[in-house]
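Trainee: I would like to work through this model with some questions on strands and chain contacts.

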Amino acid sequence: MDLALGDIANLVGGQLNGDAGIPITGAAIIRDANVGDITLADKAQLASQLADCRAAAVLVPPDVTPAGVPFVTVSNVHASFAKIVEHFRPQTNHQSYGVSAAAHISQSAKLGRDVVVYPTVTIGDDVQIGEGCIIHPGVHILAGSRIGKNVTLYPNVVLYENTVIGDRVIIHAGAVLGAHGYGYETIDGRHILSAQLGYVSIGDDVEIGAGAAIDRGTYGPTSIGEGTKIDNLVMIGHNCRIGRHNLLCSQVGIAGSTTTGDYVVMAGQVGVRDHIEIGDRAILGAKCGVMNSVPAGSIYFGYPATADREQLLKQAALSKLPEMRKQFKVLQKQVAELAEKLKDAA
Amino acid sequence: MDLALGDIANLVGGQLNGDAGIPITGAAIIRDANVGDITLADKAQLASQLADCRAAAVLVPPDVTPAGVPFVTVSNVHASFAKIVEHFRPQTNHQSYGVSAAAHISQSAKLGRDVVVYPTVTIGDDVQIGEGCIIHPGVHILAGSRIGKNVTLYPNVVLYENTVIGDRVIIHAGAVLGAHGYGYETIDGRHILSAQLGYVSIGDDVEIGAGAAIDRGTYGPTSIGEGTKIDNLVMIGHNCRIGRHNLLCSQVGIAGSTTTGDYVVMAGQVGVRDHIEIGDRAILGAKCGVMNSVPAGSIYFGYPATADREQLLKQAALSKLPEMRKQFKVLQKQVAELAEKLKDAA
Amino acid sequence: MDLALGDIANLVGGQLNGDAGIPITGAAIIRDANVGDITLADKAQLASQLADCRAAAVLVPPDVTPAGVPFVTVSNVHASFAKIVEHFRPQTNHQSYGVSAAAHISQSAKLGRDVVVYPTVTIGDDVQIGEGCIIHPGVHILAGSRIGKNVTLYPNVVLYENTVIGDRVIIHAGAVLGAHGYGYETIDGRHILSAQLGYVSIGDDVEIGAGAAIDRGTYGPTSIGEGTKIDNLVMIGHNCRIGRHNLLCSQVGIAGSTTTGDYVVMAGQVGVRDHIEIGDRAILGAKCGVMNSVPAGSIYFGYPATADREQLLKQAALSKLPEMRKQFKVLQKQVAELAEKLKDAA
């Protein structure tokens, strides 16, 4: 698997600067690179880190010229480095696996061409799966679900009844789509579950992280718009309607019936209350707690979350509060003394 | 599957106001309703939203009289709408499935009447399962667990050894009951796991959300009281004793050995520290961080959480702090001028 | 299974103080103990709780002498109590189970001696598993993964391709190692997933909680150092390098490319941003939000997190702010009056 540096340059169509015979035994980022590895530096600022790096060679774009280490210049550093990494650690090809006899597939389910189904998968009645899908082991697809083309479901994904999935969707291990919404009416001291007749609907090109949970709607869909990317352990409540091309980072929680526009960004651990609207291109800062609707294009952060300008003023004032408190006591004393003097003067 | 509006009125025993022959092709909430759908309006305030809705008809309670759209009046809007939705999207009947030959069930396990077990389920030694339970695919029930009657375990639920589950409990996909508690003693720089001999005990009518995790007790139970409802991705630490009829919303975390009374409510993303007590009917606001015991009946919020009155004062004062800071500087100047004048006057 | 108290004393090699014939029917902590149980009191301060406890006897260390209840004195209370609990609730012995014929194991996978593999497990091509490992049902180990000796993978754990696991590692149910990192480049309004060619590498003696998610690196490893303990539902982003002997409590989230030193402690629900460094032995308080690198040995808390001294001053000042606000208004009035008097006097 080892390659000479010259072969590496050929593999990526790059310009070699150094000895073509240097043996390269692996590929790693600067932080992790060891003797024999090739590494990458996509910005000139990384040059100083290269000095301490044990890598045998470095992949660079045309505007970076490292000193004291052989380098290969390419136009797209990341695409080229990926090619080298794939040489040293080839990716698994699932496509040829076919449908396992150890999967449990309802006779009424319909699978498209070139679908891969691993052992221990269960597929319920009337499920439809489009061509080119890869269904990893331990995935359970309940009755009535419809899945588009070229979808990948990683191990142990669960789709409850009637889940609808678009094309080219990727859902990571352990994610759960379609569990009951958290809606209760309290009658005579007991919490009674509301109707749970809806489902989850996922647009094209959506990606959903490991362990994420998206609850079904009460009567109809909880929906995720085309192109939206959802990170690990995110929770989306029942009846939410998430727009297109949102970025919802890890551990975000969105309560029921809230809607978001397009291109909304929520950083990690953000919490959003129920029944509000987050406008197009709004950005919600990490860990903020959103209690009211957010206008399109605005940036909110803090707990409770407010517009960024207001929050910055608050935070700045709070930072100076201990000092202001001292000054305040000084001022109280000065005023008391003035009052005393004025009394004397009178 | 389409129904005339008159047939819909008959289905729910409602009073028709409009043309009985209108074809109805589906049912959806106002936000999602399309041409041909019937929708519902449970409050008069929704009338304005109806104006923009494309639904062909609307289901209403007696005190709502919509204008410009055919409607059906019923006494219980939600129960009736559920009936209509179920007509258009029939629910799966699991009851007739029986016990799959592709499940792996210990010979010493005992299953009651009418238990449904799907393929790929594993059931360990000496497990007992009461009548009418539904065990979905990918569920793993480890040795010694005892499950009551009419319990539903959704796909990929894991019950560790000796878990005890009451009657009519619902546990959603991927929830894990009985993993090791997070208790370590640090000896010579290494963290050594404490005894992990306990189990998890769940009362009757409890519901547990997707991906929730409840750790076993050290020597005995971590227990969840009757009727308590736990949302997705909630974490409950070892030795906790959660009371009856609590509502623990999504992503709540409760550290070890904490106890709660009855009817406690924790909103989303609340964090509660270990070894404290949350009193009956206490309400903990979304995302708050609770560092001390909370008296019965109180409302706490904020980070760190305090009683609501105190927190409101703090938040209000903080909101006005930037303005107060300006005024403070003005006052400092005024006092300096007064001091100067007084000196001149003296 | 019942034992006389004298037999209990013999079992743990303890000194009996009371009637050897008392029947003992179970073992439970003071809070949970019922008639017939033996309980434990590891500190003298628990004596008052014992007064209200129904236990038939109590296990104590030499420096605790309870009144009014039979007791057994031992040198190590917790080890001895564990022995008693194990008598009443014997732990499952997995070791004899062997490799199930109902597991799906690639012919190119290599399993060491005494490996236990339960039904429904899948093991991919070229996977290596060291001796003494226990692989519970529903675990899926994808191609190229390498697992050390005496590792326990609880049900439904998922290891993506090329995961590397050290010796004596414990991973709890539903944890997911190696899902895609959350890295996107936005081109023409679409978020395009970055390269996902790396893997997850776990050191010896690491423990990982239920439902935790650790994403693969971009080109190389996301790594967890030896002896680190990770609680339930923790999220660790791509390219992170977590040091040795860290304690990461439940629901912590660490964004991509962040590194931690050794012996770092993060309490529950902490959030840490991407690309920063947390120094050796730093302690991050519950629920804090860390936006900048944290020096070794420091204690940070708050949102945004700061050093503890600074945060305590802020919090104290904030607590007194409502009172200060009142005093400020008084002071404003006093100054106005002084100004008036001075004008009169002039």
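Trainee: How many bridges join strand β24 of chain A to strand β27 of chain A?

Mentor: The model is predicted. In it, β24 of chain A covers residues 207-208 and β27 of chain A covers residues 229-230.

Trainee: Which are the edge strands of the open sheet of chain A?

Mentor: The sheet has eleven strands with mixed pairing, in the order β10-β13-β16-β19-β24-β27-β30-β33-β36-β38-β39. An edge strand here pairs on one side only. The strands in question are β10 (116-117) and β39 (306-307) of chain A.

Trainee: Which element gives the most to the side of chain A that touches chain B?

Mentor: On this side, 51 residues of chain A are in contact with 56 residues of chain B. At least two residues each come from β20 (176-179), β22 (190-193), β25 (213-215) and α4 (308-345) of chain A. With 14 residues, the element that gives the most is α4(A).

Trainee: And how many charged residues are on the side of chain C that touches chain A?

Mentor: Chain C has 50 residues in contact with 57 residues of chain A. Among the contributing elements of chain C are α4 (308-319) and α5 (321-345), and α5(C) gives the most, with nine residues. By class, this side of chain C has 26 nonpolar and 18 polar residues, and the charged ones number six.

Definitions and conventions. Residues are numbered from 1 along each chain as its sequence is written. Chains are lettered from A and ligands numbered from 1 in the order in which they are written. This is a predicted model: local features need pLDDT of at least 70, side-chain atom pairs count only at pLDDT 80 or more; totals for chains, interfaces and linings use all residues. Two residues are in contact if their C-beta atoms, placed from the backbone, lie within 7 Å. Helices (H or I, at least four residues) and strands (E, at least two) are DSSP runs, numbered from the N terminus. Ala, Val, Leu, Ile, Met, Phe, Trp, Tyr, Cys and Pro count as nonpolar, Asp, Glu, Lys and Arg as charged, and the others, Gly among them, as polar. Two strands pair if DSSP finds at least two bridges between them.
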